[in-house]
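Thanks for coming. Please have the sequence and the structure open.

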Amino acid sequence: MEKRQSDSPANFVDSTVVPGDLVLDLSSMTNQTIKLGGGLRQDCDAISAMKAGTFRFTKPNKYWVESSQKRYVPCVEDTVLGIVVDSKADNFLIDIKGSALAFLPVLAFEGGTRRNIPKFEVGTLLYLRVVKANFGMNPELSCIDASGKASEFGPLRDGYMFETSTGLSRRLLSLPTCPVLEALGKKFSFEIAVGLNGRVWVNAASPDTTVLVANAIMNSESLSEAQQIIMVENLLKSIE
């Protein structure tokens, strides 16, 4: 198969790529540090796509291939929603929708010591950060940010968790704010946590609002920005 090659990173950003496409040439990007996300592979100075999708860039320096899929491929620095499936002496085993279970060290919490190890029941939902994602190894997770603070990471209480494609999850986290979230936020007050592994958690003051927000997000999967706004307006009219 013939490989397409890019002389400039801007040539491929927001365009469709297929496996084998050469999307970045590091030899022409001197004095730059970049981060590679999912769907990309480095071979010397050549960065190529490993899967079909849309080549994306976010400031200051991260590139990845975005595609809608059910199975999640872990990538370092991804934020994910994980479900506790078992606990060991040194780790919690976490389901993050990947091909293998991830592990969360019992000390990977702010101020974590052997004296104050957290206790999570099986089924507990956690907001986590991927810190290691090496091929052939179980991903490693953490409940602290790069500065060692808990920040927004940790258990998510109450609310409702549902699953989406990984593509929708990325759109929900994009800037400017996704139209469906912006439209809902003008009418309702709610909390939301989005995992790049295709899981979303929503919590609102009433169960009815929680369900409405969740349904609106799921319905937005295949809609354009204008259609998302119209869909939310129709939902609001139906409950008036």
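In which helix is the place of N215? N215 sits in helix α3. Before going on, a word on the source: this is a predicted model, where local features need pLDDT of at least 70 and side-chain atom pairs count only at pLDDT 80 or more, while totals for chains, interfaces and linings use all residues. Residues are numbered from 1 along each chain as its sequence is written, and side-chain values use heavy atoms, with hydrogens and water left out.

Helices (H or I, at least four residues) and strands (E, at least two) are DSSP runs, numbered from the N terminus. N215 is partly exposed, at a relative accessible area of 35%. For that term, buried means under 20% relative accessible area, exposed over 50%, and partly exposed in between, with a 1.4 Å probe and protein chains only.

Next, the sheet. Three strands make an open, antiparallel sheet in the order β14-β16-β15. Two strands pair if DSSP finds at least two bridges between them. At the edges are β14 (160-163) and β15 (190-195), each pairing on one side only. Between β14 and β16 (residues 199-204) there are four bridges, and F162 has V200 as its bridge partner in β16. Helix α3 (residues 207-219) packs on this sheet and touches β14, β15 and β16, its direction making about 150° with that of β16. Contact here means heavy atoms within 4.5 Å; axes are lines fitted to C-alpha atoms, for helices over the stretch in contact, and angles run from 0 to 180 degrees between N-to-C directions.

Now the charged side chains. A salt bridge is a side-chain nitrogen of Lys or Arg within 4 Å of a carboxyl oxygen of Asp or Glu, and the count comes to eight. Which residue forms a salt bridge with E163? That is R199, with the closest N and O atoms 3.3 Å apart. R199 is in strand β16 and E163 in strand β14, 36 residues apart. R199 also meets D95 in a salt bridge, at 2.9 Å, N to O. D95 lies in strand β9 and R199 in β16, so this pair ties together parts 104 residues apart in sequence.

Is R199 buried or exposed? R199 is buried, at 2% relative accessible area, while D95 is partly exposed at 24% and E163 is partly exposed at 44%. Finally, D95, K97, E163 and R199 are linked in a network of salt bridges.
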